[in-house]
Amino acid sequence: MRAVDIIAKKRDGRDLSRDEIGFMIRGYTTGDIADYQMSALLMAIYLRGMSTEETLALTEAMLHSGEIVDFSDLGRPRVDKHSTGGVGDKTSLVIAPVVAAAGVLVPMISGRALAHSGGTLDKLESIPGFRTDLSLSEFRATLEEVGAALIGQTAEIAPADKKLYALRDVTATVACRPLMAASIMSKKMAEGASGLVLDVKTGSGAFLKREDEARELAQIMISIARGLNKECIVLITDMNQPLGCAVGNSLELIEAFETLKGRGPDDFNTLCRELSAEMLVLGDAAGDTDRGRLIYDELIASGAAEEKMRVIIRAQGGDPRVVDDYQLLPRAGLQQTVQTPKAGYVQAIDTEAIGRASMLLGAGRARLDTAIDLGVGLTVHARIGHKLEADFPLATIHFNDAARADEAAGDIRDAYAIGPDRVEIPQLIKAVIR
Ligand code: URA
């Protein structure tokens, strides 16, 4: 087989065989197939799509690019959650300690910032000393000892996704259902979880803007999970505005800590509560989601979830004092308020543009080798439906490079549609698919 023939076949809109997909994924993982050839294949897949059979074959090839962890001997349910990506989406940082504090094991393999969306690994790496590159044996030991472990794709687990994820980020091939399904499900099926809750985002800040596309992705992922004998529940949730207020790595971490202390923004806390409740049911810690919600509330109110966060941070080499002293986290040196150019109601927010503004400030990557600035980002003040007086602050930007601040401020201003009419606030949870 030759990579160039396989690229041409997909370019011309034909289905690839399981062997051809396996050949490309194996070759790319070992380094025999170059970035430029894989980039071309990714773009052909983006433009031509993949059938369900091809998507399954891609997921399995990526899953088998590394080891598949088996934690069944730990004797407890193991449940994880994954989001398709959004702006201000930091739920993993709350959910992992909450669900682990309830006694359910949470083995979590997360990703980095992808296009305009943030990534859990980058947020965690804001914590001095925190290691997201645990070996497989460290992953198991941490999970057993503290009940949760949060790592990235490694040379051992889902290495194909590690490489492809980074390549997609810089080749404009993220927003593609088969590539998203295979990326998410290959790492989630490799991590030894017995159950999975998926948060499929839809709206202006999601990769899939339309709800029907989100539902289609949800169905593909549920069928992959069922095929591999895993329990899987999907929530379709709104991403027409940033989730919570903080966008940017250490800013989001602080908002997650505040939420663990019972002081989080309502929308963000509600989503964490709903996702946790589903995970607690899958993990046999709650008989139904009502009980799951109560457990969430109790673990937040008692301080048990916050304490579990300190324990997780310590176990992964980080400094647990960050939970109490935010000065220990990377912080941007400069701040600037972005004001509304006119009075009226916030009609809509181009949330992808908000995510791009955060990237522009340095919170995301434009190239494979870009270093990100963990302290920068923005705090959103104005949300859909808010009534604004003239000069009301839309957001505060946190930055280090003044040259980028004006452009980011302009992008944020342009992202807001403001008009005279009252508007309905988008429903946060659009559907639960079991
Ligand atoms: N999250 C992932 O892990 N992969 C994607 O492709 C998108 C979101």
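**Reading burial, packing and pairing**

Biologist: Is Gln-316 buried or exposed?

Modeller: Burial is read from relative accessible area, computed with a 1.4 Å probe on protein chains only: under 20% is buried, over 50% exposed, and in between partly exposed. Gln-316 has a relative accessible area of 1%, so it is buried. This is a predicted model, in which local features need pLDDT of at least 70 and side-chain atom pairs count only at pLDDT 80 or more, while totals for chains, interfaces and linings use all residues. Residues are numbered from 1 along each chain as its sequence is written, and side-chain values use heavy atoms, with hydrogens and water left out.

Biologist: Where does Gln-316 lie, and which residues does Gln-316 touch?

Modeller: Helices (H or I, at least four residues) and strands (E, at least two) are DSSP runs numbered from the N terminus. Gln-316 is in the loop between helix H14 (304–315) and strand E7. A contact means heavy atoms within 4.5 Å. Leaving out residues up to four places away in sequence, Gln-316 touches a set of residues including Phe-130, Arg-131, Leu-134, Thr-142 and Ile-151.

Biologist: Which residues does Gly-283 touch?

Modeller: Gly-283 lies in the loop between H12 and helix H13 (289–301), and is buried at a relative accessible area of 6%. With residues up to four places away in sequence not counted, its contacts are Pro-77, Val-79 and Val-104. Val-104 is 179 residues from Gly-283 in sequence, but their C-alpha atoms are 5.7 Å apart.

Biologist: At what angle do H5 and H12 pack?

Modeller: Axes are lines fitted to C-alpha atoms, for helices over the stretch in contact, and angles run from 0 to 180 degrees between N-to-C directions. Helix H5 (residues 92–101) packs on helix H12 (residues 266–282) at about 40 degrees, the axes being 10 Å apart. That angle makes H5 oblique to H12; under 35 degrees counts as roughly parallel, over 145 as roughly antiparallel, 65 to 115 as roughly perpendicular, and the rest as oblique. The crossing is right-handed, meaning that the near helix is turned clockwise from the far one by less than a right angle, with anticlockwise being left-handed.

Biologist: Which residues of H5 meet H12?

Modeller: Val-94, Ile-95, Val-98 and Val-99 do, and their partners in H12 include Phe-268, Leu-275 and Met-279. The contact holds nine nonpolar residues, one polar and no charged. Here Ala, Val, Leu, Ile, Met, Phe, Trp, Tyr, Cys and Pro are nonpolar, Asp, Glu, Lys and Arg charged, and the others, Gly among them, polar.

Biologist: In what order do the four strands of the open sheet stand?

Modeller: Two strands pair if DSSP finds at least two bridges between them. The order is E6-E9-E11-E7, with antiparallel pairing. E6 (246–247) and E7 (334–339) are at the edges with a single partner strand each, so one side of each has no neighbour in the sheet. Six bridges join E7 to E11 (residues 393–399), and Gln-339 stands opposite Pro-393. Helix H15 (residues 351–363) lies across E6, E9 (377–380) and E11, at about 145 degrees to E9.
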